[in-house]
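Subject: Structure handover and notes

Dear colleague,

Please find below the structure I promised to pass on, with the sequence alongside. My notes follow it, and I would be glad if you read them against the coordinates.

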Amino acid sequence: MMNAEQAVLWQKLERFAFDEPGAASPFSARLAKEHDWSRPFAAAVIEEYRRFVFLCCVAGHPVCPSEQVDQVWHLHLTYSLSRPFDPAPYSASDVAL
């Protein structure tokens with residue numbers, strides 16, 4: 001069960017669009033191309049990454065991504081300066097992005 005703070009964080013993560021409308025090279029397309037994944041598989045791994053980010057913030061202990069989630073994480077760091085949420089009220093040490 002999520003507490004109110006966690007629910008707000010999850011809502012922010014759910015609303016975050018990794019693919020910006022009108023982008024010449026959308027995030028999911030680039031991810032699929034770089035790793036020779038199908039677009040549906042890339043979309044599924046992006047959703048897994050979304051859950052991983054949530055766990056990074058709420059688990060209370062270090063968490064480790066799967067190989068595929070790690071690939072999304074690295075592309076997200078290099079693809080854009082965007083982040084899926086405003087980390088407040090979490091400290092920078094709580095957010096592993």
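A crossing of two helices is called left-handed if the near helix is turned anticlockwise from the far one by less than a right angle, and right-handed if clockwise. Helices (H or I, at least four residues) and strands (E, at least two) are taken as DSSP runs and numbered from the N terminus. With those conventions, the crossing of α2 and α4 is right-handed.

Before going further, please note that this is a predicted model, in which local features need pLDDT of at least 70 and side-chain atom pairs count only at pLDDT 80 or more, while totals for chains, interfaces and linings use all residues. Residues are numbered from 1 along each chain as its sequence is written, and side-chain values use heavy atoms, with hydrogens and water left out.

Overall picture

The chain has 4 helices and 0 strands, and its pattern along the sequence reads α-α-α-α. Of the 97 residues in the chain, 33% are buried, where buried means under 20% relative accessible area, exposed means over 50% and partly exposed lies in between, computed with a 1.4 Å probe on protein chains only. Taking contact to mean heavy atoms within 4.5 Å, 62% of the contacts between residues at least 6 apart in sequence join residues at least 24 apart.

Helix packing

For the packing values, axes are lines fitted to C-alpha atoms, for helices over the stretch in contact, and angles run from 0 to 180 degrees between N-to-C directions. Angles under 35 degrees count as roughly parallel, over 145 as roughly antiparallel, 65 to 115 as roughly perpendicular and the rest as oblique. For the residue classes, Ala, Val, Leu, Ile, Met, Phe, Trp, Tyr, Cys and Pro count as nonpolar, Asp, Glu, Lys and Arg as charged, and the others, Gly among them, as polar.

Helix α2 (residues 27-35) packs against helix α4 (residues 67-79) at an angle of about 125°, with the axes 11 Å apart, and α2 is therefore oblique to α4. On the α2 side the contact is made by F27, R30, L31, E34 and H35, and on the α4 side by Q71, V72, L75, H76 and Y79; by class, this contact has 5 nonpolar, 3 polar and 2 charged residues.

Helix α3 (residues 39-58) meets α4 at an angle of about 85°, with the axes 9 Å apart, so that α3 is roughly perpendicular to α4. Here F41, V45, I46, E48, Y49 and F52 of α3 are in contact with Q68, V69, V72, W73 and H76 of α4, a set that divides into 8 nonpolar, 2 polar and 1 charged.

The axes of α2 and α3, in turn, come within 9 Å and cross at roughly 110°, which makes α2 roughly perpendicular to α3. This crossing of α2 and α3 is right-handed. The residues that meet are F27, S28, A29, L31 and A32 in α2 and R39, A42 and I46 in α3, and by class the contact of α2 with α3 has 6 nonpolar, 1 polar and 1 charged residues.

Individual residues

Q71 lies in helix α4 and is partly exposed, with a relative accessibility of 23%. Leaving aside its neighbours within four places in sequence, Q71 is in contact with L31, H35 and W37. The C-alpha atoms of Q71 and V45 are 9.2 Å apart, although these residues are 26 apart in sequence.

E5, which lies in helix α1 (residues 4-15), is partly exposed at 44% relative accessibility. E5 and V58 are 53 residues apart in sequence, yet 9.7 Å apart in space, C-alpha to C-alpha.

D36 is found in the loop between α2 and α3; its phi is near 55°, a positive value in a residue other than glycine, and at 72% relative accessibility D36 is exposed.

Cysteines

C56 is buried at a relative accessible area of 13%, whereas C64 is exposed at 69% relative accessibility.
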